[in-house]
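Please look over the structure below.

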Amino acid sequence: MPVDRETFVSRFGGAADAGNATVLVGAGLSRRAGLPDWNDLMKGPRREAKVPASVRDLPLVAEYYSQDVALGRDRLQARVGALITAKSGSQAPSKGHELLARMPMTHLWTQNYDDLLERAMQATGSSPVVIATDSDLVACRATPGKRLIKMHGGIQGVGRTAEFVDPVLTRRDYEQYEQRRPLIWNLLKSTYLTQKMLFLGFSFDDPNINVMLRLARSLQAAEQHFTVMRRPSGGLDLRAHELRVQDLESSGVEVVEIPEYAELDGLLGELSLRLRPPSLFVSGSVQEDGRIPLDALARSIGSRLAELDISLASLAGTYAGKISHAFARTLRQRGVSDAPEKIRFFFPDGARKKESHALMGTRIHTQDSVEDLRASALQDVRAFLLFGGGSRTRLEVDAAREQGLPVIPVAITAGTALIEWRAGLSASRIPVPRDSVAEAERHWQALAQPDTDAVALAVQRLVRWATYSS
């Protein structure tokens, strides 16, 4: 039976937190970015070698071409390389590539020839070590940085210096893979045996799916793996899908179903949030109006949040400072020596907040504009806690929404928080487990109550779900 998204995100995210997860990317991700798939790549060779349409095994089509046409293997590599290089250069990485590039994994695997994934990684400030051959693997042993393993070869370099390096194209290439790339193959097998893998971008007609099936059927892995597949709407395709799901599950690969490929970015977005540092962004400003003792509320919330395995971040508003002070004080009372390192305040360069006991934490000054600073700070958190607030806070909420962050609004503090609270729990994007929805609704209602202890407890429980905290 397919696994639900909530379970997948939680389990794969937990493995990633432990440094025990990786992704193997198939053709689907590049196809959605506008690059040709195997059918497109083999149209010309099929026509030239007069391979019948009844031959659906595309690596076999490539094999027939290499045997039938003079200098067939060299011509095929040059032809495919030219097309991939041209198309790759004219296309930008997709949202899926960008989300994968930001995931905190030391190794990413791909069977694609194009360079979209490494370009997406470079755009994040990471220069991946690209491994396309066994010799690359040996040469990079002492080189620091993320590894991108292009297990079927592909484009290396940019512009006129780009080369199509040692691609796996034909049926013979697949059959001889273990002999030609023994180091990469053994690394893949050991990774499969010791880490939780996500097979992403595979479909029934993808010739590379057999690599996943070979691993699943031949190795008894300690970890349960995942793949994401589109569920057909009906007919024989649906029956074939159900049989494939059963086959994969019996081999240790659980299937996450999506109704349309367009939903893949949303699923990766949820996973990307789960893989961020367990940090909470605190936003807003509050005016004392006598309805609730704000200082007492800040102390109560800060103390409650200190019970979770999270850190705090903010743009150093007064209320965020009060919460952080209570947060740090509680941690110190519990014997946590690095309490200030769990709190980050972001300042535009040149801005100097008045020194205060409430600003207890690490101060980060940058030359970024307020807008860029806000976006940068929000990229490293899992959730957004909102107090009161006016027009400037509204901008922070909108930026958080754009990044898909769950928002927890403390409604009793009025302002923007009250507006967000009125939209309801379902609009907050808090990943509440299915069996806890009724409890979450009670805590959501408590956010508007004039009881500081009840509000603080509600904030703690909702933040725990939003940040996947223990």
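Rings of Phe, Tyr and Trp pair if their centres lie within 6.5 Å.

Q: Which residues form one aromatic cluster with F8?
A: This is a predicted model. Ring pairing rests on the centres lying within 6.5 Å. The aromatic cluster that holds F8 is made up of F8, F12 and F226.

Q: Are the planes of F281 and F384 stacked or edge-to-face?
A: The ring centres are 5.5 Å apart. Planes under 30 degrees apart count as stacked. Those of F281 and F384 lie at 10°, so the pair is stacked.

Q: How many residues apart are F281 and F384?
A: F281 is in strand 10 and F384 is in strand 14. F281 is buried at 0% relative accessible area, and F384 is buried at 0% too. The pair links distant parts of the chain, 103 residues apart.

Q: Which strands and helix do the buried residues of helix 16 pack against?
A: Helix 16 covers residues 318–333. Its buried residues include Y319, I323, F327 and L331. They pack against strand 10, helix 15, strand 11, strand 12 and strand 14.

Q: Is H241 buried or exposed?
A: H241 is found in helix 13. Its side chain has a polar contact of 2.8 Å with that of E257. Buried means under 20% relative accessible area. H241 has 0%, so H241 is buried.

Technical notes. Residues are numbered from 1 along each chain as its sequence is written. This is a predicted model: local features need pLDDT of at least 70, side-chain atom pairs count only at pLDDT 80 or more; totals for chains, interfaces and linings use all residues. Side-chain values use heavy atoms; hydrogens and water are left out. Helices (H or I, at least four residues) and strands (E, at least two) are DSSP runs, numbered from the N terminus. The expected span of a helix is 1.5 Å times one less than its number of residues. Buried means under 20% relative accessible area, exposed over 50%, partly exposed in between (1.4 Å probe, protein chains only). Contact means heavy atoms within 4.5 Å. A polar contact is a pair of N or O atoms within 3.5 Å; within protein, one must be able to donate a hydrogen and the other to accept it, and residues adjacent in sequence count only if both atoms are side-chain atoms. Rings of Phe, Tyr and Trp (its six-membered ring) pair if their centres lie within 6.5 Å; planes under 30 degrees apart count as stacked, over 60 as edge-to-face and the rest as tilted.
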